[in-house]
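Please look at the sequence and the model first, and then follow the text through its ring contacts and its helix packing.

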Amino acid sequence: MHVSASIVLYRTIPDELRTCLGSLLSNGIDKVYVIDNSETNQLSSVCNIDSRIEYIFNNKNLGYGAAHNIAIRKSIESGHKYHLVANPDIYFGNEVIVKIVEYMDTHEDVGQLIPNTLYPDGRLQYVVRLLPRPIDIISRRFLPANWVRKINYRYLLEFADHTKEMNVPFHQGSFMFLRTDALKRVGLFDESIFMYMEDVDLTRRIHKEYKTIFWPNVTITHAHRSGSYKSMRLLMIHITSAIKYFNKWGWFFDKERREWNREIISKYGGKI
């Protein structure tokens, strides 16, 4: 099928990893790279279930994007046409990957795809979004939820019909199905961003050259624990990553963000 995948681990729950690996392997993926950023290699035993799994132990936390880049480079060197960046807390049924590959094979202008995504309880997860403004990040982290409903409604594209395909420049990093030719063209994850914001940075770069598609014809489940809302350490990492992202693309003067966001809101039923 010419598809590889990578999962980055850090103190991951073993049963969660088993479930994710089961989904990937049952979908016929050729190679699964498991990059372990944990302090010990205890999770290696979970990976000894199939010859298609390559376990790589770092013995230190390289960060999300840098760890996935190890696998992406191997995927490109091996000649894979597609590479899936996956979180260990996702799972899905058979034929999901086959259907995505069929779509990508017939839409060569698509560089990246994310499917319909649900929480374990069946609620819709808003995995495609507008390019973030500083107010979107700050308000979601530090203000009460009822104060930021209008901001979230806009930023998360809650107004859009998620039963229809959308071309959006921000895909959440839980499931990033990538055309390796696109990665060769725009580059891999920005390794200066340790964790958080690396997904929007990469999707945005791919969106400049290709379509980056939300495709609702298949569905996955993502547990999505929102670690930075519960851990002060992860919150500080998120803040640092946001600073690096906005330093790179612009804080308040980002013409591309303004134009793309206005286009998305107009196209998919929002109010500018």
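A charge is said to sit over a ring if NZ of Lys or CZ of Arg is within 6 Å of the ring centre and within 35 degrees of the ring normal. In this structure, which is a predicted model, Arg-123 lies over the face of Tyr-119, at 4.2 Å from the ring centre.

Tyr-82 counts as buried because its relative accessibility is 1%, and Phe-177, at 0% relative accessibility, counts as buried.

Another aromatic pair is formed by Phe-92 and Phe-175, and it is edge-to-face, with 5.9 Å from centre to centre and 80° between the planes. Here too distant parts of the chain are linked, since Phe-92 is in the loop between strand 5 (90-91) and helix 3 (96-106), while Phe-175 is in strand 8, 83 residues apart. Phe-92 has 9% relative accessibility and therefore counts as buried, and Phe-175 counts as buried at 0% relative accessibility.

One aromatic cluster is formed by Tyr-245, Phe-246, Trp-249 and Trp-251.

| Helix pair | Axis distance | Angle |
|---|---|---|
| Helix 4 (residues 134-142) and helix 8 (residues 232-249) | within 11 Å | roughly 170° |
| Helix 7 (residues 198-207) and helix 8 | 10 Å | about 25° |

Helix 4 and helix 8 are therefore roughly antiparallel to each other. Their contact is made by Pro-134, Ile-137, Arg-141 and Phe-142 of helix 4, together with Leu-235, His-238, Ile-239, Ala-242 and Phe-246 of helix 8. Sorted by class, this contact of helix 4 with helix 8 has seven nonpolar, one polar and one charged residues.

Helix 7 and helix 8, by their angle, are therefore roughly parallel to each other. On the helix 7 side the contact is made by Val-200, Asp-201, Arg-204 and Arg-205, and on the helix 8 side by Tyr-245, Lys-248 and Trp-249. By class, the contact of helix 7 with helix 8 has three nonpolar, no polar and four charged residues.

Key: Residues numbered from 1 in each chain as written. Predicted model: local features only at pLDDT ≥ 70, side-chain atom pairs only at ≥ 80, totals over all residues. Heavy atoms only, no water. Axes fitted to C-alpha atoms, helices over the stretch in contact; angles between N-to-C directions. Helix = DSSP H or I, 4+ residues; strand = E, 2+ residues; numbered from the N terminus. Parallel < 35°, antiparallel > 145°, perpendicular 65-115°, else oblique. Contact = heavy atoms within 4.5 Å. Nonpolar A, V, L, I, M, F, W, Y, C, P; charged D, E, K, R; others polar. Buried < 20%, exposed > 50% of the residue type's maximum accessible area, 1.4 Å probe, protein only. Phe/Tyr/Trp six-rings, centres within 6.5 Å; stacked < 30°, edge-to-face > 60°.
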